[in-house]
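Hello,

Here is the structure we talked about handing over. Please look through it first, then read the notes below.

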Amino acid sequence: MLRKTLASVPVSNMKFTSVLVLLFFCSTFNKSQGKSKPKPGCEYPPSQWCRSLEIAIECGVQKQCLELNATRPNSAVPRVEVTLYYESLCPGCRVFLTQQLFPTWAMLHDIMEVKLVPYGNAQELPSGNSPFTCEHGEPECHSNMIEACILHSVGLYSAFPVIDCMESAANVLAAAQPCLQLHVPSMTWDSVTTCVKGELGFKLMHENALKTNALSPAKTHVPWVTINREYTGDFQDKAMSSLFNLVCKMYKGGKPPACTGAQKKLDRSLC
């Protein structure tokens, strides 16, 4: 059922982060002579293997994660903060999120911090059973709230692959549950629906409305991109054309190899 539902989801975006981690691990497994292979019982996708020591131990890749962490930039240098104000069914927002923001974050998440605000051109009504109206109708309000609930529950690091998976699919709403099951199997769909149908979902959307309405200068369109909490037309143009280059240029610390093109010394044995 999961494979059938995800048939419409482009593979390149949905598995981008997983492929990066797998490439690194494949280059080091032979060196360890099979002593640190992922355990069959590991329930986490490759993109999360190095998220914590506990997960690395459970998946049997702690040595590889330690080697990977050793190459990361100085944590004392502030990351480049990229905030996207968007709505889930806006074609331009979906293209930017899946073709610029998510791939850039997958490559440069050590030097950039991403914040997602799903609200866009929605409007908050003073009263009524449906306190929000959305540019692309009720389905967009629903998917906006689903993404807000997932972000609140598991945080950006785990939620972003789910949201990228949803936004890459032909039907964003239909992809929500299988995308969650694929990328965050520890989170149940019932917990998402409880959030969406309860007070928490409306509270999260109200908070996103306040964040969006507080923008200065005021938003005139979506996607609306701020860099280090600042919006300029130049930032917007550069983010839309090559966010990767913009983040590399804005980062004040030592540039990671992905930015400079420098080759890392890695074990060249292959799986």
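**What was found**

Strand E2 is the top contributor to the lining of the second largest pocket, giving five residues. Helices (H or I, at least four residues) and strands (E, at least two) are DSSP runs, numbered from the N terminus.

This is a predicted model, so local features need pLDDT of at least 70 and side-chain atom pairs pLDDT 80 or more, while totals for chains, interfaces and linings use all residues. Residues are numbered from 1 along each chain as its sequence is written, and side-chain values use heavy atoms, without hydrogens and water.

**The pocket**

The second largest pocket holds about 310 Å³ of space. A pocket here is an open set of points on a 1 Å grid over the protein atoms alone, where a 1.4 Å probe fits, with protein on both sides within 12 Å along at least five of seven lines. Grid points are joined across faces, edges and corners, and the volume is the space filled by probe spheres set on them. Lining residues have an atom within 4 Å of a point.

The lining has 15 residues, and the closest to the pocket centre are Leu116, Val117, Leu151, Asn208 and Lys211. Two or more residues each come from strand E1 (80–86), strand E2 (112–118), helix H7 (138–168) and helix H10 (199–213). By class, the lining has nine nonpolar, three polar and three charged residues. Ala, Val, Leu, Ile, Met, Phe, Trp, Tyr, Cys and Pro count as nonpolar; Asp, Glu, Lys and Arg as charged; the others, Gly among them, as polar.

**H6 against H7**

Helix H6 (residues 91–108) crosses H7 at roughly 145°, with the axes within 10 Å. Axes are lines fitted to C-alpha atoms over the stretch in contact, and angles run from 0 to 180 degrees between N-to-C directions. The crossing is left-handed: the near helix is turned anticlockwise from the far one by less than a right angle. In H6, the residues in contact (heavy atoms within 4.5 Å) include Leu101, Phe102 and Trp105; among their H7 counterparts are Tyr157, Phe160 and Met166. The contact has ten nonpolar, two polar and three charged residues.

**Disulfides**

There are six disulfides, each a pair of cysteine sulfur atoms within 2.5 Å. In one, the sulfur atoms of cysteine 50 and cysteine 65 are 2.1 Å apart. Cysteine 50 sits in the loop between helix H3 (16–29) and helix H4 (53–59), and cysteine 65 in helix H5 (residues 62–70), so the pair ties together parts 15 residues apart in sequence.

**Backbone**

The peptide bond from serine 216 to proline 217 is cis, with omega near 5°. Valine 222 and proline 223 are also joined by a cis bond, with omega about 0°.
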